Each structure stands twice: as structure tokens, then as C-alpha cells.
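Q: Hi! Could you walk me through some helix packing in this one?
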Amino acid sequence: VLFQIFDAFKPRLHDSNSKVNQVALEAMHKMIPVLKDNLSPVINMLIPAIVDNNLNSKNPGIYAAATNVIQALCQHLDTSLLLQPLCTKAQFLSGKAKQDLTEKLA
């Protein structure tokens with residue numbers, strides 16, 4: 001069931017409509033403390049959807065929401081679940097997104 005929910009939700013995390021994108025990120029931020037480590041089966045799907053485009057967004061609302069989501073993941077999930085997907089994303093990012101993720105990993 002979790003896969004079905006996040007398969008439908010994931011496209012909203014990088015929707016071309018910036019308002020939809022931002023609201024999806026804000027909703028994700030609220031879900032993380034509730035779901036915690038139960039997100040582990042979908043974390044490899046979620047990290048790219050959260051990070052791609054959002055951490056390098058010129059829209060300050062989207063950037064702030066994406067940063068908040070990454071922070072919430074780090075606070076509420078076992079960090080061993082996050083290490084591999086965040087390292088993989090950090091390798092292929094550039095600009096502020098690469099800097100942000102590298103700082104989180106450190």
C-alpha cells in the first residue's frame with residue numbers, strides 16, 4: 001500500500017506547477033515524523049524526487065521546503081537508511097544542492 005501511495009505522490013514532488021510542487025514538499029515534511037522508519041521501503045524512490053530540481057530551485061519557497069524535508073528525514077529516520085541514497089545523489093548534483101547534501105552527509 002505504501003508503494004501505491006508514494007507512486008502516486010512522487011510526481012507531485014517535482015510537478016511543473018511550482019505551487020503544487022511546494023505544497024507536495026510541505027506535505028512530505030509533515031508526513032516524515034509520522035511515518036519515520038516506515039518510509040524505508042520507498043526512501044530510494046523519494047530521495048531523487050525530493051532532491052532533483054528542488055534543492056537547486058530558484059524559487060525560495062521550493063528550496064526552503066526541500067531543505068526542510070531533507071532535515072526532517074535526517075531527524076526522524078535511521079541515518080543508515082539515508083546514507084547510500086544521499087551519497088548517490090550528491091555525486092551527480094551541482095551548485096547549491098551539492099553543497100547542501102555534502103554538508104548533511106558530513
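This is a predicted model: local features need pLDDT of at least 70, side-chain atom pairs count only at pLDDT 80 or more; totals for chains, interfaces and linings use all residues.

Q: Great. At what angle do the axes of H3 and H4 cross?
A: Roughly 150 degrees, and the axes come within 10 Å. Here H3 covers residues 43-51 and H4 covers residues 60-76. Angles over 145 degrees count as roughly antiparallel, so H3 and H4 are roughly antiparallel to each other.

Q: Is the crossing of H3 and H4 left-handed or right-handed?
A: The crossing of H3 and H4 is left-handed.

Q: Which residues make that contact?
A: From H3, they are Ile43, Ile47, Ile50 and Val51. H4 brings in Ala66, Val69, Ile70 and Leu73. By class, the H3 contact with H4 has eight nonpolar residues, with no polar and no charged ones.

Q: Nice. And how do H3 and H5 pack?
A: H5 spans residues 79-92, and H3 packs with H5 at an angle of about 40 degrees, with the axes 10 Å apart. H3 and H5 are therefore oblique to each other, and their crossing is right-handed.

Q: Who's touching whom there?
A: On H3 the contact uses Ile43, Asn44, Ile47, Pro48 and Val51. On H5 the residues are Leu81, Leu82, Pro85, Leu86 and Lys89. That makes eight nonpolar, one polar and one charged by class.

Q: Changing topic: is Asp100 buried or exposed?
A: Asp100 has 13% relative accessibility, so Asp100 counts as buried. Asp100 sits in helix H6, residues 95-105.

Q: What does Asp100 touch?
A: Leaving out residues up to four places away in sequence, Asp100 touches Leu55 and Tyr63.

Methods: Residues are numbered from 1 along each chain as its sequence is written. Side-chain values use heavy atoms; hydrogens and water are left out. Axes are lines fitted to C-alpha atoms, for helices over the stretch in contact, and angles run from 0 to 180 degrees between N-to-C directions. Helices (H or I, at least four residues) and strands (E, at least two) are DSSP runs, numbered from the N terminus. Angles under 35 degrees count as roughly parallel, over 145 as roughly antiparallel, 65 to 115 as roughly perpendicular and the rest as oblique. A crossing is left-handed if the near helix is turned anticlockwise from the far one by less than a right angle, and right-handed if clockwise. Contact means heavy atoms within 4.5 Å. Ala, Val, Leu, Ile, Met, Phe, Trp, Tyr, Cys and Pro count as nonpolar, Asp, Glu, Lys and Arg as charged, and the others, Gly among them, as polar. Buried means under 20% relative accessible area, exposed over 50%, partly exposed in between (1.4 Å probe, protein chains only).
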